[in-house]
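Here is a short briefing to read alongside the model.

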Amino acid sequence: MRSGRKFSRLVAQAVSTARSQTKKNGVVMWEHVDTQETLSMDEDIVIPLNPMIGGLRKYEVQKRESGDRLTYMLIIRRVLEPDAGTYKCTIRIQSIAYDKWPTKLGRITVQVPPTIRPGDTTAVLQVDQGQNASLICAASGIPSPNITWTKSDGSNLPLGVAQFRSPVLPITNVDVTDMGVYRCVADNNIKPPAEHLAQVLVFHAPDTRVVQNSVGQAQNRRFDAKLECIVKGHPEPTVTWERLINRGRAPITDDDKYDINKQTTDNQNLKAGEEWYTLKVKNVQANDFTDYYCIATNTKGKHESIITLFETMECQGPNCPSLPSGRAAFLQLSALAFLPLATWLVHVLLPSL
């Protein structure tokens with residue numbers, strides 16, 4: 001008998017002559033075979049520990065009589081994993097030898113939802129490129145759960161498939177593209193399934209890329225310019241900024257002129273292991289128009305990308321001021337009104353020159 005419910009019942013029946021003998025000099029006994037504990041004698045619970053659960057005892061024996069049948073039903077409430085096993089009902093009759101006593105066996109299988117065993121499961125895997133490695137997902141449950149691996153971003157696993165069923169996920173000839181978060185799900189059809197996330201980090205030199213390789217802004221109008229650089233590497237690189245000055249390069253520090261930040265929100269478009277850095281050039285002036293360098297460095301190497309800041313006639317970016325709609329319409333109308341007059345004056349004056 002399987003139990004995913006709050007209680008389980010085991011039933012044994014004593015029939016014909018056993019019924020009358022039981023009434024005179026016999027006892028019906030339930031015992032847990034696995035633990036060798038005697039639970040009951042007739043309708044009396046004899047196990048020392050029989051706690052109250054919801055106003056009722058955990059163990060109870062109900063006797064029912066129907067014709068020549070006596071039914072002794074053992075009820076176990078709030079079934080737990082230790083309650084699993086084989087139970088035996090024995091009719092002890094004094095006038096009959098022990099090995100001739102009638103017996104009835106019943107079995108309870110307690111269904112247990114899956115759980116992940118943290119100590120035996122990979123949480124973070126750090127590995128060099130070209131090596132072989134594996135992720136382990138250890139889970140328990142009754143029945144034994146199936147383990148399925150996927151990649152949390154929806155891409156294929158290193159094996160070239162979307163999912164892989166096994167407690168161990170092998171990764172051969174590790175590459176930077178194998179970095180990311182992996183998900184293992186343990187399921188045995190007993191809800192809820194268990195889930196675990198494992199992170200794979202691959203040691204490699206930094207790589208940098210820019211959101212825009214050139215950024216424009218108008219000068220002397222208190223407008224700012226934002227330069228954006230995306231960096232990847234493990235260990236996590238240190239990011240610095242430099243600017244081109246007189247054919248040389250000067251380091252940039254976070255001060256009243258520059259604002260250096262690592263973006264922590266709106267990173268949906270980043271790939272695994274990437275970080276988004278920004279350099280804000282405040283109140284752009286004429287001498288700010290030059291090349292800027294985003295430099296990433298770690299123990300495995302160094303890489304940089306260039307962003308050019310150039311001058312435009314009008315403000316660029318989402319924070320630019322806009323003219324009121326009425327004023328803009330007036331300016332457009334005024335320009336159209338004066339255009340024919342200017343053309344007419346040219347035609348009139350040219351013959352007299």
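Rings of Phe, Tyr and Trp (its six-membered ring) pair if their centres lie within 6.5 Å. By that criterion, a search of the whole structure turns up 1 aromatic pair. Please keep in mind that this is a predicted model. The structure also holds 3 disulfides and 16 salt bridges, and some of them are described below.

**Rings and charges**

- A pair of aromatic rings is described by the distance of the centres and the angle of the planes.
- Two rings have a charge over the face: K58 lies over Y59, at 5.7 Å from the ring centre, and R249 lies over Y293, at 3.7 Å from the ring centre.

**Disulfides**

- A disulfide is a covalent bond between the sulfur atoms of two cysteines.
- With the bonded cysteines numbered in sequence order, the pairing reads 1-2, 3-4, 5-6.
- C137 is joined to C184, with an S to S distance of 2.1 Å. This link is right-handed, with 55 degrees about the S-S bond.
- Are C137 and C184 buried or exposed? C137 is buried, with a relative accessible area of 1%, and C184 is buried at 0%.
- C229 is joined to C294, also by a disulfide, with an S to S distance of 2.1 Å. The link of C229 and C294 is left-handed, with -80 degrees about the S-S bond. The pair links distant parts of the chain, with C229 in strand β22 (residues 225-234) and C294 in strand β27, 65 residues apart.
- C229 counts as buried at 0% relative accessibility, and C294 is buried with a relative accessible area of 0%.
- C315 and C320 form a disulfide with an S to S distance of 1.9 Å. The torsion about their S-S bond is about -85 degrees, so this disulfide is left-handed.
- Why do C315 and C320 fall into separate accessibility classes? Buried means under 20% relative accessible area; C315, at 18%, therefore counts as buried, while C320, at 21%, counts as partly exposed.
- C89 is another buried cysteine, at 4% relative accessibility.

**Salt bridges**

- R117 forms a salt bridge with D120, and their closest N and O atoms are 3.1 Å apart. R117 is partly exposed at 35% relative accessibility, and D120 is partly exposed at 45%.
- R209 forms a salt bridge with E274, with 3.0 Å between the closest N and O atoms. This pair links distant parts of the chain: R209 is in strand β20 and E274 in strand β26 (residues 274-281), 65 residues apart. R209 is partly exposed at 31% relative accessibility, whereas E274 is buried at 10%.
- K262 forms a salt bridge with E275, the closest N and O atoms being 3.9 Å apart. K262 lies in strand β25 (residues 258-263) and E275 in strand β26, 13 residues apart. K262 has a relative accessible area of 35% and is partly exposed; E275, with 25%, is partly exposed.
- Salt bridges with shared partners bring E236, K262 and E275 together in one network.

**Strands around β19**

- Strands of a sheet pair through backbone hydrogen bonds, either parallel or antiparallel.
- β16 (residues 146-151) and β19 (residues 180-187) run antiparallel and are joined by 6 bridges. Here I147 stands opposite A186 of β19.
- β19 also pairs with β20 (residues 194-210) in the antiparallel sense, over 7 bridges. In this pairing, A186 stands opposite A194 of β20.
- How many residues lie between β19 and β20 in their hairpin? There are 6, and N189 in the turn has a positive phi of about 70 degrees.

**The open sheet**

- An open sheet of 5 strands runs in the order β21-β28-β27-β23-β24, with mixed pairing. Its edge strands, β21 (214-217) and β24 (248-252), each pair on one side only.
- Neighbouring strands of this sheet are turned by 30 degrees against each other on average, direction ignored.
- Strands β23 (residues 238-245) and β27 (residues 291-298) pair in the antiparallel sense over 6 bridges, and T238 stands opposite T297 of β27.

Key. Residues are numbered from 1 along each chain as its sequence is written. This is a predicted model: local features need pLDDT of at least 70, side-chain atom pairs count only at pLDDT 80 or more; totals for chains, interfaces and linings use all residues. Side-chain values use heavy atoms; hydrogens and water are left out. Two strands pair if DSSP finds at least two bridges between them. Helices (H or I, at least four residues) and strands (E, at least two) are DSSP runs, numbered from the N terminus. A salt bridge is a side-chain nitrogen of Lys or Arg within 4 Å of a carboxyl oxygen of Asp or Glu. Buried means under 20% relative accessible area, exposed over 50%, partly exposed in between (1.4 Å probe, protein chains only). Rings of Phe, Tyr and Trp (its six-membered ring) pair if their centres lie within 6.5 Å; planes under 30 degrees apart count as stacked, over 60 as edge-to-face and the rest as tilted. A charge sits over a ring if NZ of Lys or CZ of Arg is within 6 Å of the ring centre and within 35 degrees of the ring normal. Axes are lines fitted to C-alpha atoms, for helices over the stretch in contact, and angles run from 0 to 180 degrees between N-to-C directions. A disulfide is a pair of cysteine sulfur atoms within 2.5 Å.
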